[in-house]
Amino acid sequence: MRLLAIETSCDETGVSLVDVDVESRAGTILADELASQAALHAEYGGVYPTLAKREHQKALPLLLERVMRGYDATSVSAIAVTHGPGLEPALWTGIEFAKSLAHEWGKLIVPVNHMEGHIYSALLKREENSKFTILNPNYPAVALLISGGHTDITLITGEGEPACRTDRYEYLGSTRDDAVGEAFDKVARMLALGYPGGPLISKLAQEARDSNLPPLEQSLPRPMLKSGDFDFSFSGLKTAVLYHIKRATESGHVLTEDEQRQVAREFEDAAADVLASKVAAAAAEHGAQTLIIGGGVAANSHINTRIKEQFAREHLDIAVYTPGKGLAGDNALMIAIAGAFRAERGEYLTEGEELRAHGTLRL
Ligand code: KG4
Ligand code: ZN
């Protein structure tokens, strides 16, 4: 089937046209467009919802025009659109756009959960010539979904039967305050590095490791490491960084680049320690055969390596899947694939059913 997919949950506008054969778990990317607003939001140090909405509205028609170049609307089987979770004003723009297209083209809509998209992005293997395959993981699987809005550990029992909308996911834990990506962004802001903070912090942390800088005199906390559940808290870690910076700059001292690198490394290590230890405990307790790491923070190779090391240390023989290059952050390709699996099961929006933006939609 041929899916037109639309993603507008945060600050990336994504539109893609993808052929997916669910049965053989393979497909072809016909077109995949992404417009990032990150530079515009940089001055706010985070995503500014009204601005995001306006930019999505501007970008959607342009991206659609590019994606459909050379393809006829009649060849499209259905329209997949993200309906949550995310920023509601941003989600609405994609939903309204999808609705009017569906009306104009006479197509059905498949609502897609953004986090399910992130799961599929870790299963996607790009081949040559725009071809791809979709890995078929062994279940049960545990998903660690880490982004600017989420830090969730979810148990996945299988891929789902017809019309089974939710019962294959079971939440094991999540953050009680900030998401891990949000903490990266806030720490980057404290260090005046820019937005999004994840890649910037990670680069500095790596430089600290490469040049063997000494550790901070006082290490940062590993919040909830021993809480005995699968929940997280990153707000205390972020505050500990703030206090560290305040103490270090009290006398008018300005952090040197090396001091910034030391903070970045200690922060990244603390976040990685907690993520690795919790996800390993969850995988062990639930007999997981696969770990799927998804979301923007899954682009962080230090965190992924730290998790694999933890599994090895605990003799957990579990396959670990992470998104390929350029697939960790938000994109419409992952929405097309998640949408194709749902469409195959007949999970279209039915007549009379209203499509709404769900900022806190769960899997
Ligand atoms: O999934 P995503 O693109 O958007 C949301 O759905 O939130 O994730 C964005 C988040 C941002 O907080 C960004 O700083 C973080 O992912 N991020 C990273 C890295 N690349 C992006 N965090 C840590 N390390 C990275 N390399
Ligand atoms: Zn995301």
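Modeller: The protein exposes about 15700 Å², and carbon and sulfur atoms supply 49% of that (Shrake-Rupley method, 1.4 Å probe; for residues, only the protein chains shown count as cover). Mind that this is a predicted model: local features need pLDDT of at least 70 and side-chain atom pairs pLDDT 80 or more, while totals for chains, interfaces and linings use all residues. Residues are numbered from 1 along each chain as its sequence is written, and side-chain values use heavy atoms, leaving out hydrogens and water.

Biologist: What radius of gyration does the protein have, and what would a compact globule have?

Modeller: The rule is 2.2 Å times the number of residues to the power 0.38, with the radius taken over C-alpha atoms. For 363 residues that puts a compact globule near 21 Å, and the protein agrees with its 21 Å.

Biologist: Okay, is serine 147 buried or exposed?

Modeller: Buried means under 20% relative accessible area, exposed over 50%, partly exposed in between (1.4 Å probe, protein chains only). Serine 147 has 10% relative accessibility, so it counts as buried. Across the protein, 56% of the 363 residues count as buried.

Biologist: Where is serine 147 found?

Modeller: Strands are DSSP runs of E, at least two residues, numbered from the N terminus. Serine 147 sits in the loop between β8 (141-146) and β9 (151-156).

Biologist: And which residues does serine 147 touch?

Modeller: Contact means heavy atoms within 4.5 Å. Leaving out residues up to four places away in sequence, serine 147 touches several, including Met115, Glu182 and Val297.

Methods. Chains are lettered from A and ligands numbered from 1 in the order in which they are written. Helices (H or I, at least four residues) and strands (E, at least two) are DSSP runs, numbered from the N terminus.
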